[in-house]
Amino acid sequence: MTGLDGKLHDIYDEVLRRNPGETEFHQAVYEVLNSLGPVVAKHPQYTDSAVIRRMCEPERQIIFRVPWADDHGAVQINRGFRVEFNSALGPYKGGLRFHPSVYLGIIKFLGFEQIFKNSLTGLPIGGGKGGSDFDPKGRSDGEIMRFCQSFMTELYRHIGEYTDVPAGDIGVGSREIGYLFGQYKRITNRYESGVLTGKGLTWGGSQVRTEATGYGAVYFIDEILKAAHDSFDGKRAVVSGSGNVAIYAIEKIHQLGGTVVACSDSSGYVVDEKGIDLELLKEVKEQRRERLQAYSDGRGGAADFVAGRLTWDVPCDIAVPSATHNELNAADAARLIKNGCRIVAEGANMPCTPDAVKAFAEAGVTFAPGKAANAGGVATSALEMQQNASRDSWTFGYTEQRLAAIMHGIHDRCLATAEEYGAPGNYITGANIAGFTQVADAMLAQGLI
């Protein structure tokens with residue numbers, strides 16, 4: 001990658017040298033640095049104080065062994081991670097990912113993105129991320145419980161409601177959070193509700209947390225449409241993935257008047273021209289945990305399943321990549337552009353490759369980066385922390401109202417910042433600069449630490 005000027009280029013070279021092989025982390029850092037030229041030209045204190053260099057180096061990186069016994073009594077060994085990246089705005093906040101692809105570079109990319117995402121919410125939370133290369137697929141509840149208990153036996157000493165507050169991510173849902181919280185409570189002998197978010201509603205969880213990332217991404221798209229004096233009415237959308245984020249993005253798009261005609265999983269995608277049947281999708285993916293072929297079968301011929309392909313083949317007005325990082329490349333972007341897509345909003349973390357983002361920009365497609373568009377999940381996690389701190393519990397309607405207001409604020413802040421720095425309408429520039437400046441100013445105020 002090239003294009004960075006002067007001191008920013010030197011900072012990026014240092015990141016490459018100090019973090020060899022961590023390609024996802026390199027990509028995330030470059031994407032932010034590439035927006036900061038106008039900022040450092042206007043505010044040289046950010047480079048003179050080395051605040052950008054410090055921001056690219058985690059405050060703490062924790063790697064640990066996770067031994068556990070499977071159902072046959074065989075000992076398994078996984079690796080656990082927690083990268084506590086930046087606490088300038090508040091305790092570290094970010095999810096745990098359990099997936100075989102996890103290694104330090106993935107966790108650092110996610111943690112770095114989390115710094116700016118959390119900053120954009122306007123809530124007092126810093127950035128962090130964690131996880132393991134453990135694969136929960138095909139494992140029994142007992143195996144997952146034993147793994148989670150072993151994982152927390154090491155992690156507990158590094159977290160706390162005023163220190164570091166993990167949540168869920170890929171492979172970590174309410175079941176896993178329950179096992180993790182139970183072990184934390186057992187070891188510490190205290191009911192510290194605010195130490196984890198994504199908890200069950202009967203024991204400290206928040207309404208709307210399950211829906212928040214998907215809902216939030218759609219609220220952000222709705223703000224984009226409103227800024228263009230448009231709405232979801234009559235719009236066709238496609239969503240990648242069929243997990244939590246995708247399901248609730250589909251639900252909210254339908255509520256706002258749009259129609260989602262396709263979604264996917266690792267086996268392929270389904271097209272349902274009348275609109276994805278949400279109840280059937282939830283049954284297939286959340287209850288039965290089956291492949292999308294079962295959705296097509298359940299629709300009795302009304303939906304087509306296409307094996308081994310992605311939803312980007314399907315004509316649409318709006319695309320919401322919601323599966324995983326770098327899932328949408330330049331060739332996919334070209335198909336979306338050719339088929340009339342006008343808005344792309346990242347429901348997942350960094351699902352679009354740099355070449356895809358460049359193609360969207362050149363074609364005039366409005367692009368909303370994940371650190372802005374999918375911030376609804378962590379925002380609602382922070383609202384869960386707020387409820388835990390006050391021993392309170394809010395209604396679904398009130399919590400969703402707070403979520404919508406936060407996403408509205410993020411959208412407007414991105415637009416205003418992009419305008420201020422000479423890039424009107426550029427949500428990438430606006431999100432990166434707005435997220436960066438708040439964290440950087442806090443770091444400068446707190447001294448050289």
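Asn426 is partly exposed, with a relative accessible area of 32%; the class covers values between buried, under 20%, and exposed, over 50% (1.4 Å probe, protein chains only). The model is predicted: local features need pLDDT of at least 70, side-chain atom pairs count only at pLDDT 80 or more, and totals for chains, interfaces and linings use all residues. Residues are numbered from 1 along each chain as its sequence is written, and side-chain values use heavy atoms, with hydrogens and water left out.

Asn426 belongs to the loop between helix H17 (396-420) and H18. Helices (H or I, at least four residues) are DSSP runs, numbered from the N terminus. Lys108 is 318 residues from Asn426 in sequence. In space, the C-alpha to C-alpha separation of Asn426 and Lys108 is 25 Å.

Aromatic contacts were examined next. Rings of Phe, Tyr and Trp (its six-membered ring) pair if their centres lie within 6.5 Å; planes under 30 degrees apart count as stacked, over 60 as edge-to-face and the rest as tilted. The count comes to 20 aromatic pairs. Tyr46 and Phe436 form an edge-to-face pair, at 5.1 Å centre to centre and 80 degrees between the planes. This pair links distant parts of the chain, 390 residues apart. Tyr46 lies in helix H4 (residues 45-48), and Phe436 in helix H18 (residues 427-445). Both Tyr46 and Phe436 are buried. One aromatic cluster is formed by Phe64, Trp68, Phe98, Phe134, Phe147 and Phe151.

Charges also meet rings. A charge sits over a ring if NZ of Lys or CZ of Arg is within 6 Å of the ring centre and within 35 degrees of the ring normal. The charged end of Lys42 sits over the ring of Tyr421, 5.2 Å from its centre. For Lys252, the charged end sits over the ring of Tyr215, 4.4 Å from its centre.

Definitions and conventions
Helices (H or I, at least four residues) and strands (E, at least two) are DSSP runs, numbered from the N terminus.
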